[in-house]
Amino acid sequence: NKMAGPSKRSWNSLITLSGCIVPKEQLANTPTVEDDGEESGSDDDEDGDMQWLDMNEIDDANAGVSVAAPKRLSNKLVHVMDKSGRIHRVKGRFPLDDPWWDFSVECRQSGGNMLFTTGYPEYRLNENPSKDLIFLFLKACNVKEDFRKAFHDALQTEPQLQGTQLNFQNLGEVLEQYGSINETNEAVSRDMLGSIQYEVAGEEVTRALLAPMFLRYGPKLLPKRFYSLLKVEEDKPDKLKILEEVT
């Protein structure tokens, strides 16, 4: 006789999942863990929001003070591509969920095929991004399509840019090189750099480059405050520097 599967409250051993979140529009034609029909899993988050609070907030919660998790820590279903390219359905809290953020997080599996996070993600900015990922980032920064195309073409045709291995660390420098070619490119480069500086996706990456250790451990140490601290005001860079030093 076929044995009954484990109950919804039965958990297998813990695993560490490393990978990145895949945008929904890119999920087609990818090797995915089979859907078990279990869409929510919110009832399985045994500790609720409590595990995402700081000690002072836990005291407040015990005293009856409302300490609802901020929107960026809402419990949500995402699709994660692991290092082998396999896609997993994961329920958890991810303050950063764009595909250029690599992370590791401890998970456990229910009776189905969905994974549930049990800890806090450790983030790293993708250090070896594809060109497609860089241009997806530029699109998220609301860089104009014509400007993205002109920059893309220049990477292939301009001798001083040919062979450049784009990454998030050198993107600003490469854009400045592109802008030095002629006045038209200079205007395009200035506009693109401005978009990166002022759009949310660009601000996040810029701050992350300044504080990689805080990016990695901040979600574990200060889960509810991590994102607001990462987005510290531009005129207060020392605040982020101090956080990096003490992390």
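Helices here are DSSP runs of H or I with at least four residues, strands are runs of E with at least two, and both are numbered from the N terminus. Asn142 comes after α2 and has a positive phi, near 60°, although Asn142 is not a glycine. At 51% relative accessibility, Asn142 counts as exposed; the cut-offs are over 50% relative accessible area for exposed, under 20% for buried, and partly exposed in between, with a 1.4 Å probe and protein chains only.

Before going further, a word on what you are looking at. This is a predicted model, in which local features need pLDDT of at least 70 and side-chain atom pairs count only at pLDDT 80 or more, while totals for chains, interfaces and linings use all residues. Residues are numbered from 1 along each chain as its sequence is written, and side-chain values use heavy atoms, with hydrogens and water left out.

Now step back to the whole chain. Its secondary structure comprises nine helices and six strands, and of its 247 residues 43% are buried. Take the contacts (heavy atoms within 4.5 Å) between residues at least 6 apart in sequence: 66% of them join residues at least 24 apart. The accessible surface, from the Shrake-Rupley method with a 1.4 Å probe, is about 13,600 Å², and carbon and sulfur atoms account for 48% of that.

A nonpolar core is a set of buried Ala, Val, Leu, Ile, Met, Phe, Trp, Tyr and Cys residues joined through side-chain atoms within 4.5 Å. The largest one has 49 residues, and the members touching the most others are Trp100, Trp101, Phe137, Leu138, Phe151 and Leu171. Helix α2 (residues 131–140) contributes the most to this core, five residues. Within α2, the residues Leu133, Ile134, Phe135, Phe137 and Leu138 are buried, and their cover includes α3, α4, α5 (183–198) and α6 (200–210). Leu171 is a handy landmark: beyond its neighbours within four places in sequence, Leu171 contacts Ile134, Phe137, Leu138, Phe151, Leu166 and Ile196.

From Leu171 we can follow the helix packing. Two packed helices are described by the angle between their axes and the distance between the axes. Those axes are lines fitted to C-alpha atoms, for helices over the stretch in contact, and angles run from 0 to 180 degrees between N-to-C directions. Helix α3 (residues 145–157) packs on α4 (residues 171–179) at about 85°, with the axes 11 Å apart. That makes the pair roughly perpendicular, a label for 65 to 115 degrees, where under 35 is roughly parallel, over 145 roughly antiparallel and the rest oblique. Here Ala150, Phe151, Ala154 and Leu155 of α3 meet Leu171, Val174, Leu175 and Tyr178 of α4.

On to the next pair: the axes of α4 and α5 come within 7 Å and cross at roughly 160°, which makes α4 roughly antiparallel to α5. Residues in this contact include Leu171, Leu175 and Tyr178 of α4, along with Val188, Met192 and Ile196 of α5.

One last stop lies elsewhere in the chain. Ser110 is in the loop between β4 (101–109) and β5 (115–117), and Ser110 is buried, with a relative accessible area of 2%. Ser110 and Ser13 are 97 residues apart in sequence, and their C-alpha atoms are 10.0 Å apart in space.
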